[in-house]
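Hi,

Here is the model I said I would pass on. Have a look at it first, and my notes on what turned up follow below.

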Amino acid sequence: MAPDFRSPAGTVRHGIVPPFLLARIARLDQDDYDHAPEAARRTLGIDGPFREQRGSDGSMPGLVRPSLRPELQHPVAGSTEPGSPDRLIFDAKGTENLPGEEVRREGGPETDDTAVTEAYDGLGDTYALFWDAFRRDSIDGSGMRLDATVHFGQRYDNAFWDGARMVFGDGDGEIFRGFTGSISVIGHELAHGVTERTAGLVYQGQSGALNEHVSDVFGALVEQRVLGQTAQDATWLVGAGIFTEQVKGAAIRSMRAPGTAYDDPMLGKDPQPAHMRDYVETSDDNGGVHINSGIPNRAFVALAEALGGNAWERAGRIWYETLAGDRLTPTATFAQFAAATAVVADEFYGDDSDEARAVADAWESVGVEPGRVRDRMRRD
């Protein structure tokens, strides 16, 4: 059955912080931290039910309470002209009620709340990437309003997309800071909405890892575009600045060097692999969606660096057209996704182009072989 985009109940919640990392924090000695373990346990209590099968009536179990106003329970068409975002920011004021109190509309005056400003600006920057680089008018391609809620929950250690809006916690203050502080996190969450309305990659196993990967790609590209960074200049970190100084880590994930984002005595070592020979078979984390996404992440960086310049112009274009085109099925594997990117590169730039050769080399460098799948796609 196709997903029902009229309500968040029809989608999977996509959190930037993986459940295995929250579980590790939840087990920490409370004597070493005043808030972090309890905050992680509460976050898992909120997030966990949303990873389970939804009810037969379409309802989603859990602690989060949706708005009593029906018009705020589902995506809303925007009211601006194509090329201009329509943003609406809410404040949950530390509750788990969504969406919260409206605090800033499109074009409205800036508030003195840093999280509100960061969310508003980050949504605008993400909209600008998709419009300027790919001519996509918002999440649905038709000007959908961009809703976000800040200050969700008490010391909530995550940010997520729920099918209608982006939601940001303030962190526990000991391990995590507020999640609006990273523009790559904002771009990542909004990109989940784009994936839902294009390829619809199922959030399980390799297709789920690709779902996470695509969000990491566009989150990184938003940040690079704002900072004016080329592929070589960029850090390729996702969630840089989210950890406090107490954590020995640069970010939640490193796309350039998967497995190196953090290595902390309390949190452990970043488990992401960078090559198929290290692929992790697991039933946790929806089949390792936040773990194995390191493999396609590394392939994308290899492509972007080989092509040089601004990563959103050629590498990003190939990935976007792959996502938005008709080459992928919702259960696409790494090899099928790789083959689709190869076909798109051939179609856009020519089968003997630098871009086509770089795409093939990038996937080969991480142990993904798209050859026979690509040839079949070409015939089709």
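A quick definition before the sheet: two strands count as paired if DSSP finds at least two bridges between them. With that in hand, strand 2 (residues 87–91) and strand 4 pair in the parallel sense, over 5 bridges. Keep in mind that this is a predicted model.

**The overall picture**

The protein chain has 11 helices and 10 strands. Of its 380 residues, 58% are buried. If you take contacts between residues at least 6 apart in sequence, 63% of them join residues at least 24 apart.

At the strand 1 end, the partner is strand 5 (residues 159–161), in the antiparallel sense and over 2 bridges. Gly 15 has Phe 160 in strand 5 as its bridge partner.

Strand 2 deserves a look of its own. How many of its residues are buried? The count is 5 of 5. Both faces are covered: Arg 87, Ile 89 and Asp 91 are buried on one side, Leu 88 and Phe 90 on the other. On the strand 4 side, Ile 89 stands opposite Ala 148. With strand 3, strand 2 pairs in the antiparallel sense over 4 bridges, and there Phe 90 stands opposite Glu 102.

Nonpolar side chains tend to be buried together in soluble globular proteins. Here the largest nonpolar core has 95 residues, and Phe 168, Ile 175, Phe 218 and Trp 236 have the most contacts inside it. Helix 3 (residues 114–134) gives the most to this core, with 11 residues. Another core lies apart from it, with 7 residues that include Ala 92, Leu 98, Phe 152 and Phe 160.

Not counting residues up to four places away in sequence, Phe 218 touches Leu 129, Phe 130, Phe 134, Ala 191, Gly 316, Trp 319, Tyr 320 and Leu 323.

Ala 115 is also in helix 3, and is buried at 10% relative accessibility. Which residues does Ala 115 contact beyond its neighbours within four places in sequence? They are Val 150, His 151 and Thr 180. Thr 180 is 65 residues away along the chain, yet the two C-alpha atoms are separated by 5.8 Å.

In helix 1 (residues 19–26), the buried residues are Pro 19, Leu 21, Leu 22, Ile 25 and Ala 26. Seen down the helix axis, they fall within an arc of 160°, so they line one face of helix 1. These buried residues pack against helix 2 (36–47) and helix 6 (285–288).

His 275 sits in the loop between strand 10 (268–269) and helix 6. It is buried, with a relative accessible area of 16%. Its side chain reaches the backbone nitrogen of Arg 277 at 3.1 Å. Leaving aside neighbours within four places in sequence, His 275 is in contact with Ile 295, Ser 365, Val 366 and Gly 367.

Most residues other than glycine have a negative phi, and most peptide bonds are trans. These spots go the other way:

- The peptide bond from Leu 98 to Pro 99 is cis, with omega near 10°. Pro 99 is in the loop between strand 2 and strand 3.
- Ser 138 has a positive phi, near 75°. It lies in the loop between helix 3 and strand 4 and is buried, with a relative accessible area of 6%.
- Asn 286, in helix 6, has a positive phi of about 55°. At 18% relative accessibility, under the 20% cut-off, Asn 286 counts as buried.

Cheers

Terms used
Residues numbered from 1 in each chain as written. Predicted model: local features only at pLDDT ≥ 70, side-chain atom pairs only at ≥ 80, totals over all residues. Heavy atoms only, no water. Buried < 20%, exposed > 50% of the residue type's maximum accessible area, 1.4 Å probe, protein only. Arc of directions from axis to C-beta. Contact = heavy atoms within 4.5 Å. Polar contact = N/O pair within 3.5 Å; in protein donor to acceptor, adjacent residues only side chain to side chain. Core = buried A, V, L, I, M, F, W, Y, C linked by side-chain atoms within 4.5 Å.
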